[in-house]
Amino acid sequence: MRLAVCLPRTAREACRSGRVSLLTRPLHEAPAPAMPDPYILVAEDHPACRELLTYCFSSTYRVGAAADGAEAWETVQQDVPDLIVSDIDMPEMDGITLCKRVTETPTWTIPFLMLTGRTDAAARTRSVQAGADAYLVKPFDRTHLLTVVQALLSEDDAPSGLRLGPSTK
């Protein structure tokens, strides 16, 4: 048994015969370059809580962790995060001082979320004065935390009620 194949001499000839059509664009266009996931820095002195927060965020975001405000401040200077989640009461440097340093740096507009066990009005007031964008109390609901984080990271302003003071954006 012999098999004969007749190929057209040119692509135009093949198109005229109706057997092949010319492509005017590549079969598979290259996808747009992917944007990196937002980077969240967690500043928390309790190891178990730090691990829990890292776990909560890691499926959606890149996450860095610091054991106190001083370590977080050093990390921020090396790799500027898209959001900082910080406890208030930590050794070396507390969350209020960290927040002030971050929000007073004119070249940064990093949203700042205080996540603390402090329920007193004075702590909330100090957080607002330092420039925190949101304040949540431990224990926290994971879904609510992720909703607040997503709102703070979005390009639009967060819904009213999430921000504590003037936007730093």
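Visitor: Glu44 and Lys138: are they buried or exposed?
Guide: In this predicted model, both Glu44 and Lys138 are buried.

Visitor: How far apart are the closest N and O atoms of Glu44 and Lys138?
Guide: They are 2.7 Å apart, and the two residues form a salt bridge. Glu44 sits in the loop between strand E1 (39–43) and helix H2 (47–58), while Lys138 sits in the loop between E5 and helix H6 (142–153), so the pair ties together parts that are 94 residues apart in sequence.

Visitor: Which residue besides Glu44 joins Lys138 in a network?
Guide: That residue is Asp87: salt bridges with shared partners join Glu44, Asp87 and Lys138 into one network. Between Asp87 and Lys138 the closest N and O atoms are 3.5 Å apart. This pair also links distant parts of the chain, with Asp87 in the loop between strand E3 (83–86) and H4, Lys138 in the loop between E5 and H6, and 51 residues separating them. Both Asp87 and Lys138 are buried.

Visitor: How many salt bridges are there in total?
Guide: The count comes to four salt bridges. One of them pairs Arg118 with Asp120, whose closest N and O atoms are 3.0 Å apart.

Visitor: What is the relative accessible area of Arg118, and of Asp120?
Guide: Arg118 has a relative accessible area of 23% and is partly exposed. Asp120 is partly exposed as well, at 30%.

Visitor: Turning to Asp68, where does it lie?
Guide: Asp68 is in the loop between strand E2 (62–66) and helix H3 (69–78).

Visitor: What is the nearest side chain of opposite charge to Asp68?
Guide: It is Arg50, 7.9 Å away. A salt bridge requires the nitrogen and the carboxyl oxygen to be within 4 Å, and Asp68, although buried, has no salt bridge.

Visitor: What lies 2.9 Å from a polar atom of the Asp68 side chain?
Guide: The backbone nitrogen of Ala70 lies at that distance.

Visitor: And which residues does Asp68 touch, beyond those up to four places away in sequence?
Guide: Asp68 touches Met90, Pro91, Glu92 and Met93.

Visitor: Now helix H5. Which of its residues are buried?
Guide: In H5, which covers residues 121–130, the buried residues are Ala123, Ser127 and Ala130. Viewed down the helix axis, they fall within an arc of 65°, so they line one face of H5.

Visitor: Why would residues three or four places apart point the same way?
Guide: An α-helix has 3.6 residues a turn, so residues at that spacing point the same way.

Visitor: What do the buried residues of H5 pack against?
Guide: They pack against helix H4 (95–103), strand E4 (112–116) and strand E5 (134–137).

Visitor: Which exposed residues does the face turned away carry?
Guide: The face of H5 turned away from its buried side carries Ala121 and Gln129, both exposed.

Visitor: What follows H5?
Guide: Gly131 follows H5, and its phi is positive, near 110°.

Visitor: Finally, the whole chain: how many helices and strands are there?
Guide: The chain has six helices and five strands. From the N terminus on, the elements run α-β-α-β-α-β-α-β-α-β-α.

Visitor: How many residues does the chain have, and what share counts as buried?
Guide: There are 169 residues, and 36% of them count as buried. The accessible surface comes to about 10,800 Å², with 53% of it belonging to carbon and sulfur atoms.

Visitor: What share of the contacts with a separation of 6 or more comes from residues 24 or more positions apart?
Guide: Such residues account for 58% of those contacts.

Notes: Residues are numbered from 1 along each chain as its sequence is written. This is a predicted model: local features need pLDDT of at least 70, side-chain atom pairs count only at pLDDT 80 or more; totals for chains, interfaces and linings use all residues. Side-chain values use heavy atoms; hydrogens and water are left out. Helices (H or I, at least four residues) and strands (E, at least two) are DSSP runs, numbered from the N terminus. Buried means under 20% relative accessible area, exposed over 50%, partly exposed in between (1.4 Å probe, protein chains only). Lys and Arg count as positive and Asp and Glu as negative; His and the chain ends are not counted. A polar contact is a pair of N or O atoms within 3.5 Å; within protein, one must be able to donate a hydrogen and the other to accept it, and residues adjacent in sequence count only if both atoms are side-chain atoms. Contact means heavy atoms within 4.5 Å. The arc is that of the directions from the helix axis to the C-beta atoms. Accessible areas come from the Shrake-Rupley method with a 1.4 Å probe; for residues, only the protein chains shown count as cover.
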